[in-house]
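Thank you all for coming; I would like to take a few minutes to walk you through one structure. Please have a look at it first, and then we will go through it piece by piece.

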Amino acid sequence: MTPLSAAQARLWFLQRLNPDSATYNESGVWHFGTELDPDAMREALAGVAQRQTMLRTRFPVVQGNAVQLIESVAAIDLEFVDLGARATDAELDAIVRERATLPFDLAARPVALACTAMSALCLRSAVSSSC
């Protein structure tokens, strides 16, 4: 376990101060133009997380101090939302907005989640590479 960087400590403190806030979440949406295979997407995202430690990191409190704990195995939460063939961009946008504003518990699980809907992928993270 490693002490938090200054940026991580700020994020951790602010999340503890207001645990229901999604203010510092980052999200993005990618359209692929074809239906996604949930198992293949889960495997691909796990591979990315295995190479990127920030996607496997959580910030638990150990002996009164917040620390970085990097999980050895990548476990990305992947939610597959089947909107059917007639889903509109507005429906997809609504799902993405809803998921992107959900708060993270930085101590309980790694800081990245993914949501797939039809042919789009929404990733959200509480930690960027600048932390």
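This is a predicted model: local features need pLDDT of at least 70, side-chain atom pairs count only at pLDDT 80 or more; totals for chains, interfaces and linings use all residues.

Let me begin with a question: does P38 count as buried, partly exposed or exposed? P38 counts as partly exposed, because its relative accessibility is 25%, where buried means under 20% relative accessible area, exposed means over 50%, and partly exposed lies in between, using a 1.4 Å probe and protein chains only.

Residues are numbered from 1 along each chain as its sequence is written, and side-chain values use heavy atoms, with hydrogens and water left out.

Now the overall picture. The protein chain has 3 helices and 8 strands, these being DSSP runs numbered from the N terminus, with helices as H or I of at least four residues and strands as E of at least two. Following the sequence, the order is β-α-β-α-β-β-β-β-α-β-β. Of the 131 residues in the protein chain, 38% are buried. If we take the contacts (heavy atoms within 4.5 Å) with a separation of 6 or more, 69% of them are between residues 24 or more positions apart.

P38, to return to it, lies in helix α2. Setting aside neighbours within four places in sequence, P38 is in contact with L78 and F80, and although P38 and F80 are 42 residues apart along the chain, their C-alpha atoms are separated by 6.6 Å.

Next, the interior. A nonpolar core is a set of buried Ala, Val, Leu, Ile, Met, Phe, Trp, Tyr and Cys residues joined through side-chain atoms within 4.5 Å, and the largest one here has 8 residues, namely L36, M41, L45, A49, L55, A74, I76 and L78. Helix α2, which spans residues 38-51, gives the most to this core, with 3 residues. There is also a second, separate core of 7 residues, including L4, L11, F59 and L106.

Let us turn to the salt bridges, each being a side-chain nitrogen of Lys or Arg within 4 Å of a carboxyl oxygen of Asp or Glu. How many does the structure hold? The structure holds 3 salt bridges, and as a general point, side chains of opposite charge can pair when their charged atoms come close. One of them joins D39 and R42, at 3.3 Å from N to O; because these two are 3 residues apart in helix α2, they are separated by about one helical turn. Another is formed by R58 and E71, whose closest N and O atoms are 2.5 Å apart. This pair links distant parts of the chain, since R58 is in strand β3 (residues 57-58) and E71 is in the loop between β5 and β6 (77-81), 13 residues apart. In a further salt bridge, R99 meets E98 at 3.2 Å, N to O; R99 counts as buried, at 14% relative accessibility, whereas E98 counts as partly exposed, at 46%.

Finally, a residue in a loop. Most residues other than glycine have a negative phi. Q63, however, is not a glycine and has a positive phi of about 50°. Q63 is placed in the loop between β4 (61-62) and β5 (65-70), and with a relative accessible area of 79%, Q63 is exposed.
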